[in-house]
Amino acid sequence: MRQRLDKWLWAARFYKTRSLAAQAIEAGQVRASGERVKPAHLVHLNERIAVRKSAFVWEVDVTALSERRGGAAEAALLYRETAQSIEAREEALKQRKAALAADTRLSGRPTKRDRRKLEDFLNEP
């Protein structure tokens, strides 16, 4: 049994719509067996698919095909993520969280107290 790649990505819940899956494939964000392919590429069982979305990469092996999009539990049965992929995603997530924690952005306008502190600091001799 074979299935189009865009339809499989949609059924496996990597993308909300088939058209978004097709756009990602055309943009080169999805690779099958390490090569760029077209949305009509026929997916086979045990084929390795790499999906890149927002700085995260999923390396998955196709374990099943589905003609319809089911729930998340059903979609998780369509693929098995590789151990290296899981480790790499967790590491990237840790780095992203650390970068956000280190980022000292000010939230909104300064309060009256903040403005007074700033004025005092700037007016010091």
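Helix α5 has twelve residues and reaches 16 Å from its first C-alpha to its last, close to the 16 Å expected at 1.5 Å a residue (the expected span being 1.5 Å times one less than the number of residues). Helices here are DSSP runs of H or I with at least four residues, strands are runs of E with at least two, and both are numbered from the N terminus. The model is a predicted one, where local features need pLDDT of at least 70 and side-chain atom pairs count only at pLDDT 80 or more, while totals for chains, interfaces and linings use all residues. Residues are numbered from 1 along each chain as its sequence is written, and side-chain values use heavy atoms, with hydrogens and water left out.

Of the twelve residues of α5, the number buried is zero, so the helix lies largely in the open. Buried stands for under 20% relative accessible area, exposed for over 50%, and partly exposed for what falls in between, with a 1.4 Å probe and protein chains only. Leu122, found in this helix (residues 112–123), is exposed at a relative accessible area of 59%. Together with Leu118 and Phe121, Leu122 makes up a nonpolar surface patch with about 350 Å² of accessible area. Patch residues have over 30% relative accessible area and no salt bridge; like charges are joined within 9 Å, and nonpolar side chains (Val, Leu, Ile, Met, Phe, Trp, Tyr) within 5 Å. The areas come from the Shrake-Rupley method with a 1.4 Å probe, and for residues only the protein chains shown count as cover.

Now for the inside. The largest nonpolar core has 22 residues, and those with the most contacts inside it are Trp8, Leu9, Phe14, Val30 and Ile49. At least two residues of this core come from each of α1 (5–11), α2 (18–26), β2 (30–32), β5 (48–53) and β6 (56–62). Such a core is a set of buried Ala, Val, Leu, Ile, Met, Phe, Trp, Tyr and Cys residues joined through side-chain atoms within 4.5 Å. Leaving aside neighbours within four places in sequence, Phe14 is in contact (heavy atoms within 4.5 Å) with Trp8, Leu9, Val51, Lys53, Trp58, Val60 and Tyr79.

Charged side chains come next. Side chains of opposite charge can pair when their charged atoms come close. The structure holds six salt bridges, each a side-chain nitrogen of Lys or Arg within 4 Å of a carboxyl oxygen of Asp or Glu. Asp6 is buried, at 4% relative accessible area, and its side chain meets that of Arg4 in a salt bridge of 3.1 Å, N to O. Arg4 itself is partly exposed at 33%. Asp6 also has a salt bridge with Arg18, at 3.6 Å from N to O. This second pair links distant parts of the chain, with Asp6 in helix α1 and Arg18 in helix α2, twelve residues apart. Arg18 is partly exposed, its relative accessible area being 33%. Shared partners join Arg4, Asp6 and Arg18 into one network of salt bridges. Elsewhere, Glu74 pairs with Arg68, their closest N and O atoms being 3.8 Å apart, and Glu74 is partly exposed at 32% relative accessibility.

Asn46 is not a glycine, yet has a positive phi of about 65 degrees. Asn46 sits in the loop between β4 (42–43) and β5 and is exposed, at 63% relative accessibility. Ser54, in the loop between β5 and β6, also has a positive phi without being a glycine, here about 45 degrees. Ser54 counts as exposed at 55% relative accessibility.
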